[in-house]
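Here are my notes on this one, as promised. Have a look at the model first, then read on.

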Amino acid sequence: MDRVVEMNGKKIGLRATALTPRLYRFKIGRDMMSDMNKLKKSFEKAVDSKGTESEEDAQLDVLDLTIFENVAYIMAKQYDKTLPDNIDDWLDNQDEVFTVYELLPDILELWQLNNQTTSIPAKK
């Protein structure tokens, strides 16, 4: 499943397929399912607490931001094979810093759509 999003006036293509978790595991060395679940929970907590007294406690931490960058890179690299093979080079080539709260909802939605099943479970 592909999606093109606009970030800081620049279009970024993202792809999520059955290959995405495997690429993530080989390139990043972590389990994408666990990382995406953690990232989703942290993001929802941060969004839910915007404007509340506990807002500072609900900001995305360094690990969340690293997961976000890693996932964004894997999905972008899957979409555009000409991107650098190194995440640091890819991030360094970005003109501006990603706005996490703008791009992350698209990544989470694309991931969720990719993980939906079309099969109907058999009744037991």
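Which residues does Leu-14 touch, not counting those up to four places away in sequence?

1. Keep in mind that this is a predicted model. Leu-14 touches Met-1, Asp-2, Arg-3, Val-5, Ala-72, Met-75, Ala-76, Tyr-79, Leu-103, Ile-107 and Leu-110, with residues up to four places away in sequence left out.

2. Now the core. The largest nonpolar core has 30 residues, and Leu-14 is among those with the most contacts inside it, along with Met-75, Leu-104 and Ile-107. At least two residues of this core come from each of strand 1 (2-7), strand 2, helix 2 (32-48), helix 3, helix 4 (87-92) and helix 5 (100-115). Helix 3 has the largest share of this core, at eight residues.

3. On to the largest pocket, with a volume of about 170 Å³. Its lining is made of Lys-10, Lys-11, Ile-12, Gly-13, Ala-76, Tyr-79, Asp-80, Leu-83, Trp-90, Asn-93 and Gln-94. Strand 2 (10-15) and helix 3 (62-79) each give at least two residues to that lining, and strand 2 gives the most, with four. Sorted by class, the lining has five nonpolar, three polar and three charged residues.

4. Is Glu-69 buried, exposed or partly exposed? Glu-69 counts as partly exposed because its relative accessibility is 29%, between the 20% and 50% cut-offs. Beyond its neighbours within four places in sequence, Glu-69 is in contact with Ile-87, Trp-90 and Leu-91. As for Asp-88, its C-alpha is 9.8 Å from that of Glu-69, with the two residues 19 apart in sequence.

Notes
Residues are numbered from 1 along each chain as its sequence is written. This is a predicted model: local features need pLDDT of at least 70, side-chain atom pairs count only at pLDDT 80 or more; totals for chains, interfaces and linings use all residues. Side-chain values use heavy atoms; hydrogens and water are left out. On a 1 Å grid over the protein atoms alone, a cavity is a set of points where a 1.4 Å probe fits but cannot get out, and a pocket is an open set with protein on both sides within 12 Å along at least five of seven lines; lining residues have an atom within 4 Å of a point. Grid points are joined across faces, edges and corners, and a volume is the space filled by probe spheres set on the points. Ala, Val, Leu, Ile, Met, Phe, Trp, Tyr, Cys and Pro count as nonpolar, Asp, Glu, Lys and Arg as charged, and the others, Gly among them, as polar. Buried means under 20% relative accessible area, exposed over 50%, partly exposed in between (1.4 Å probe, protein chains only). Contact means heavy atoms within 4.5 Å. A nonpolar core is a set of buried Ala, Val, Leu, Ile, Met, Phe, Trp, Tyr and Cys residues joined through side-chain atoms within 4.5 Å.
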